[in-house]
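Hi everyone, thanks for making time this morning. Let me put the structure up, and then I'll walk you through a few places in it.

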Amino acid sequence: LVTNSVIFSVVSSAVFSLLFVLIFPLLEDRFFHGVSSRIIFSSLIALPFLQLIALLNGFILLRTRDRFYNLMSFLKIALHLGLTVLLVLVYHYGIYAALYAWILAQALVGTLSLYYVVRQYHVRFEVDFHLFLRTLKHGLKGYFGNFINFLNKRVDTIMISIFLTLGDVGVYSITLAMSEALLQLPISVTTLLFPRVSNATDEQS
């Protein structure tokens, strides 16, 4: 399962990155006007690590390794914040440094999570195509619903980017993130409780 997750992270990231590069000229003037293409394409570097972290988190929570999950979540935020402050506020490297700090935080946490899982469970890197197809088939059942839900959450930002300026998008994104911070506590509790409740016996339930 872990081997399939690593391969899926790399392959899917490469496919989506390639598709984005191909359609980027069609979207640039409408959605990315005034945004440096260097920033946009650099952010694609983090895509395989984001995929890997998401997939490994599911495996880690399934094994009820709450402490390690919380540690990696905290480390990702701390690294991002610490590197951003160091590179942007102390050394004044600018917006590119903030982006690279975010990419580096994702890469380090993704690598540490993979190292932990491999060492803890003695993972062998053997591809199971049958299991891969089963998990892909199962995942596609919920993918389109999740994708529509994602669009529903982001359609307001897309509309603002069409009719207003990038500055307005930035202000709106910050206020939206601040308002969504209130939801982090129940989301965190649900994330940690779900695998425990799923693995509980009838007596424990």
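**A walk around helix α5**

Let's start with Q106, which sits in helix α5; helices here are DSSP runs of H or I with at least four residues, strands are runs of E with at least two, and both are numbered from the N terminus. Before I go further, a word on the source: this is a predicted model, where local features need pLDDT of at least 70 and side-chain atom pairs count only at pLDDT 80 or more, while totals for chains, interfaces and linings use all residues. Residues are numbered from 1 along each chain as its sequence is written, and side-chain values use heavy atoms, with hydrogens and water left out.

Back to our residue. Is Q106 buried or exposed? Q106 counts as buried because its relative accessibility is 5%, and the cut-offs are under 20% relative accessible area for buried, over 50% for exposed, and partly exposed in between, using a 1.4 Å probe and protein chains only. Setting aside neighbours within four places in sequence, Q106 is in contact with A46, F49, L50, I53 and K76, where contact means heavy atoms within 4.5 Å.

Staying in helix α5, we come to S113. At 1% relative accessibility, S113 is also in the buried class. Leaving out residues up to four places away in sequence, S113 touches L56, F68 and M72.

Both residues belong to a helix pair, so to speak of the pair itself: which residues of α3 meet α5? From α3 they are F49, L50, L52, I53, L56, F59 and I60, and they meet W102, Q106, A107, V109, G110, T111, S113, L114, V117 and Y121 in α5. By class, the residues of this contact are 13 nonpolar, four polar and no charged; Ala, Val, Leu, Ile, Met, Phe, Trp, Tyr, Cys and Pro count as nonpolar, Asp, Glu, Lys and Arg as charged, and the others, Gly among them, as polar.

How do the two helices cross? Helix α3 (residues 47-62) and helix α5 (residues 95-121) pack at about 35 degrees, and their axes are 9 Å apart. The axes are lines fitted to C-alpha atoms over the stretch in contact, and angles run from 0 to 180 degrees between N-to-C directions. The crossing is left-handed, meaning the near helix is turned anticlockwise from the far one by less than a right angle.

W102 brings us to another spot, the second largest pocket, as W102 is one of the residues that line it, together with V35, I39, I95, A98 and L99. A pocket here is an open set of points on a 1 Å grid over the protein atoms alone, where a 1.4 Å probe fits and protein lies on both sides within 12 Å along at least five of seven lines; lining residues have an atom within 4 Å of a point. Its volume is about 160 Å³, taken as the space filled by probe spheres set on the points, with grid points joined across faces, edges and corners. Helix α5 gives the most to this lining, with four residues. The lining has six nonpolar, no polar and no charged residues.

Most residues other than glycine have a negative phi. H92 has a positive phi, near 55 degrees. H92 counts as exposed because its relative accessibility is 62%.

Over in helix α4, we find D66 and L86. D66 is buried, at 14% relative accessible area, whereas L86 is partly exposed, at 38%. D66 and V85 are 19 residues apart along the chain, and their C-alpha atoms are separated by 28 Å. For L86 and A98, 12 residues apart along the chain, the C-alpha separation is 9.5 Å.

Let me finish with the whole chain. How many helices and strands does it have? The count is eight helices and zero strands. The C-alpha trace spans about 55 × 35 × 30 Å along its principal axes. Of the 205 residues, 23% are buried. Finally, among contacts between residues at least 6 apart in sequence, 74% join residues at least 24 apart.
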